[in-house]
Amino acid sequence: MKRTLGTCYYPEHWPRQIWEEDAARMAALGLTWVRIGEFAWSRIEPAEGQFDWAWLDDAIEVLGAAGLKVVLGTPTATPPRWVCDKYSDMFAVDVDGKPRGFGSRRHYCFSHAGYLSESKRIVEEIARRYGRNPHVAAWQTDNEYGCHDTVISYSDAARLAFRDWLHSRYGDVAALNEAWGNVFWSMEYDDFEQIGLPNLTVTEPNPAHVQAFRRFSSDQVVAYNKAQVDIIRAHSDAPISHNYMGRITEFDHFAVGADMEIATWDSYPLGFLEDRVGATPEDQRHFARQGDPDFQAFHHDLYRAVGKGRWWVMEQQPGPVNWAPYNPAPLPGMVRLWTWEAFAHGAEAVCYFRWRQAPFAQEQLHAGLLRPDSIAAPGYFEAEEVAEELADAPDVSHAQAPVGLIFDYDAAWSWDVQPQGEGFDYFALVFDLYRAFRRAGVSIDILSPHERQFDGYKIVAALGMMVMPDDLKRALADSGAEVLLGPRSAARDQDFNIPVPLPPAWPELDVAVSRLETLRPDMPIPVAGGGAIKNWFEHLEGGPESVFETDAGMPVALRSGKTTYCGSWGDDAFFDRLVKDLTQRAGIDVLNLPKGVRVRDTGTERFWFNHNPHDVKCDAGDLPAAGVIREALTR
């Protein structure tokens, strides 16, 4: 697979007389791809039914004439004012019942039938016009589903659509009452028309009701995206993608990705460190100009799975951003490191956001490859360095990792609905285990919860997956891999009821969770031999081998054969011990990596990355700050 570079460009933002110069500079830099159009609806259709195609025709021709390939975005993330005036109730409504408004972006509700119709109409116009254009080599639907908390809407449109969704799912309101346990607190319904949305209740709503609404909300995103994909595919043979975000779990990315050829995501390491990683204050300072050593890698592996092996970075941070609590500049060399890290995880393309920094509007302090005066910014020169290195680099040969880690969006919703403790969420649990494998120098594949074939994996982990179908349980039990489960594995049925026999009810594993407790941050439970339990501690009953115990002798993890059930959320020291135990059993070689150093294995190369602000010495030799080393890998 050939690795390529690209950028995001907004010709409508710049004078026509500089387009050719921009295109020529992009090509000279070594870029292949240019994404355009995803925010341009008001310029494409300034009034209903009145289209101005001339500028977009011209821009695509200018870029194509320079040898560049266009990724054309559908502009539905930013409906213009006239669309909002036509459908004054199309805005999403937040949990407090307040509607969103016009003046930024993503200001629509996925359930609004009128806006869906408008979206399909504009996508049809664009796809018909450019579907066979030789310069349009890929497509992007909309932009960043879920950004700005815009998946879940408590609008009238959502309420009506949710009732239809429930009727289709349950058929009979008595069946819904039974499934949800609505006899509790006299919450029973006589008709689907009585069912409202799970907000503005006096205290917490029924968790089964909330989980159903979360599933419905995700399905609305899937249906909305598929409507666009079907239209584009009728007019174009070019691959279709969507650009996902970091730590957005409000919709099922696997379900959205199933309808497209490529998954892409928008990587902002410095913004995410402050905004989404959950790093300690010490690590926020240490990695302030480099980004977390694992957060980007996690999403590279996640979106490789969502894209069924094909994925890109559609937006790569090239300098300071404008939207995080603090916005430092990257350490010199980090843009190059981030790019190579994506390629090491199998990216086909890395596209920098954006070509030129905008001198106006909301993102005027967001750096680009060029400054507003068109002088090259620092990121430009690092992109140029990567382009030169790519000319001599071998093509990527992806290899299956020894460890598979299941990530389940439905489980993320379950933890959100019933966290049982302040700040506890599924993403953080899975990410903590992922980081422990990375600290040991082990490469990981993230797997869909719908995966049933685990051939070739030496370890498969499924932490916190609250609903586990019987066929998944059996596939994991029969996989031949070391299987790691818990905490909260198989803790609920599809309708959020505690099953009997008690969880996890695992084949050939005589373990039951008799009760659980969640822990204050200042009350960790020490584990015998090192490490501690934080957040979550399950009391386990059963006859299997006790692998880890608390200082007081209570089991932390039990094992039978190749299946280990860990009923606790451990700190880093405990998860490091757990990973060491599993890798030894599975025969996986591990590394003793310094803080901030990570490796990634491809089919032919091992990549070493130093995320520290200083040089380090490790098994690869001397690694400079923000350094990348590639070495041949013999398998």
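In this predicted model, D252 is in contact with S218, V222, Y409, W413 and H450, leaving aside its neighbours within four places in sequence. The residue is found in the loop between β5 (240–244) and α9 (253–257). Although D252 is buried, it has no salt bridge. The nearest side chain of opposite charge belongs to R215, at 9.0 Å; a salt bridge requires a side-chain nitrogen of Lys or Arg within 4 Å of a carboxyl oxygen of Asp or Glu.

The nonpolar interior may be considered next. In soluble globular proteins, nonpolar side chains tend to be buried together. The largest nonpolar core here has 174 residues, and W139 and L166 touch the most other members. Helix α8 (residues 207–235) supplies the largest share of this core, eleven residues. Apart from its neighbours within four places in sequence, W139 is in contact with V71, L72, I126, A127, Y130, G131, I232, S236, A238, P239, I240 and S241. A second, separate core has 22 residues, among them V460, M468, A481 and V483.

Attention now turns to the sheets. Strands of a sheet pair through backbone hydrogen bonds, either parallel or antiparallel.

Another open sheet has three strands in the order β21-β22-β25, with antiparallel pairing. The edge strands of this sheet are β21 (597–601) and β25 (628–632), each of which pairs on one side only. Here the twist averages 20° from one strand to the next. Strand β22 (residues 605–610) runs antiparallel to β25, and five bridges join the two. Within this pairing, R606 has E631 in β25 as its bridge partner. Helix α13 (residues 334–344) lies across β21, β22 and β25, and runs at about 150° to β22.

Note on methods: Residues are numbered from 1 along each chain as its sequence is written. This is a predicted model: local features need pLDDT of at least 70, side-chain atom pairs count only at pLDDT 80 or more; totals for chains, interfaces and linings use all residues. Side-chain values use heavy atoms; hydrogens and water are left out. Two strands pair if DSSP finds at least two bridges between them. Helices (H or I, at least four residues) and strands (E, at least two) are DSSP runs, numbered from the N terminus. Axes are lines fitted to C-alpha atoms, for helices over the stretch in contact, and angles run from 0 to 180 degrees between N-to-C directions. Contact means heavy atoms within 4.5 Å. Buried means under 20% relative accessible area, exposed over 50%, partly exposed in between (1.4 Å probe, protein chains only). Lys and Arg count as positive and Asp and Glu as negative; His and the chain ends are not counted. A nonpolar core is a set of buried Ala, Val, Leu, Ile, Met, Phe, Trp, Tyr and Cys residues joined through side-chain atoms within 4.5 Å.
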